[in-house]
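Thanks for making time this morning.

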Amino acid sequence: MLTMSADTARRAALAAQGFTDPKPRGDVDRRHLQRALSRTKLLQLDSVNVAVRAHYMPLFSRLGSYPADLVDTAAWSHRARRPRLLVEYWAHEASLIPVQDWPLLRWRMREHGGAWRRKNRELLERSPQLIDDVLAAVKELGPIGAGALERELGGAKRDGRGTWWNRTETKRACELLFAMGELTTGTRRGFERLYDLPERVLPPDVLAHEPDDDEAIRTLVERSAHALGVATEADLRDYYRLSPAQSRQAVSELVECGTLEPVAVEGWKQTAYRHVDARVPRKVTGRALLCPFDPLIWERSRTERIFGFRYRIEIYVPETQRQYGYYVFPFLLDGRLVARVDLKADRAGDVLRVPGAFAEPGHDARDVVPELAAALGEMADWLGLGGVVVGERGDLAAALGRAA
């Protein structure tokens, strides 16, 4: 078995995620978006909007400043001359995935979205009429949100009786039908999902494609391997949240056909697998702020294994018990995670606030601060904010405040 150094594995992982690709020099367009997506494969969605929503930030980290409506158009536009590139489904978590990848998750749709969404399944038996009514209403009125659907269905006659569907149940019915692939996101208003029928959103050839389950899962694992460069089986499994049995079978088959090569990475306890197309650059340069849901770092044990960086999101930790802050962004500099900053976009104050800034052990603040200050300034400009204001928490705060 080939032995690989930890440093080589780190550089391969960064290259696979697009951090060695040159950033565009001019305007960013759909070609650049597609290039970045060819690396990450998907963009995770999350409702937190403290600094910027999760699906926008990974592209900024890789491409630099770009118009956010580039993503909106790619994901939620109905323009005939510019077909959508992305569609929503449960991939890693709620995610934007390439339209062509939607059929690869049909097996999950048949499982009603996966084991962790079982709570909504009982609606199929308990309230079958609600499920039928929601589908009929979306067919007639879509794209439409769960709240508007509840108002449409409220008070209607069902089997001769007046019924007022509970809004929570209507929302659960929508979520269940979404998980089953019977509904998808037609568009979004703000961050509200407006449901529509897949046949009004996806191309006929995508809807007609029915891959074999094993083939689909094997393709997903191959995509994971391509996005990660070098990864353990558990890393590969996590990217699309597969089961151990699914992942292990696919990994074995991909090794047999030569797509994956087993490797021993120094310091890693588990066998790793290198994608046959993985590149290993001599060095990695450049800087990037990473949101908590960036695919480079979303699997926390992998982040610690590759970068020696222990990262936990502290949104749900009581304020007095937080170590670093509410919504903390790691800072990547020349291939290393060298610092972390707590960020908040203060729209009313027209500033990007940095309540805390912390250096990682072994990294000189004199090297980190100028680059971090520049990265924060670029992010503030991208968000349309007038400047950066640094708070008092953390060992980098004072120097960063002077440099920002």
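This is a predicted model: local features need pLDDT of at least 70, side-chain atom pairs count only at pLDDT 80 or more; totals for chains, interfaces and linings use all residues.

Let me begin with aspartate 235, which has its place in helix α12; helices here are DSSP runs of H or I with at least four residues, strands are runs of E with at least two, and both are numbered from the N terminus. Residues are numbered from 1 along each chain as its sequence is written, and side-chain values use heavy atoms, with hydrogens and water left out.

At 3% relative accessibility, aspartate 235 counts as buried, a word that means under 20% relative accessible area, with exposed being over 50% and partly exposed in between, using a 1.4 Å probe and protein chains only. What does aspartate 235 touch, if we leave out residues up to four places away in sequence? Its contacts are Leu228, Glu299, Arg302 and Arg305, where contact means heavy atoms within 4.5 Å.

With arginine 305, the side chain of aspartate 235 also makes a polar contact of 2.8 Å, that is, a pair of N or O atoms within 3.5 Å, of which, within protein, one must be able to donate a hydrogen and the other to accept it, and residues adjacent in sequence count only if both atoms are side-chain atoms. The charged end of arginine 305 sits over the ring of tryptophan 268, 4.7 Å from its centre; the rule asks for NZ of Lys or CZ of Arg within 6 Å of the ring centre and within 35 degrees of the ring normal. Arginine 53 likewise lies over the face of phenylalanine 191, at 4.1 Å from the ring centre.

Turning to ring pairs, we count rings of Phe, Tyr and Trp (its six-membered ring) with centres within 6.5 Å, calling planes under 30 degrees apart stacked, over 60 edge-to-face and the rest tilted. By this rule there are eight aromatic pairs. Tyrosine 239 and tryptophan 298 have ring centres 5.0 Å apart and planes at 50°, so this pair is tilted. Because tyrosine 239 lies in helix α12 and tryptophan 298 in the loop between β12 and α14, the pair ties together parts that are 59 residues apart in sequence. Both tyrosine 239 and tryptophan 298 are buried.

Finally, ring pairs link Phe60, Tyr66 and Trp382 into a cluster.
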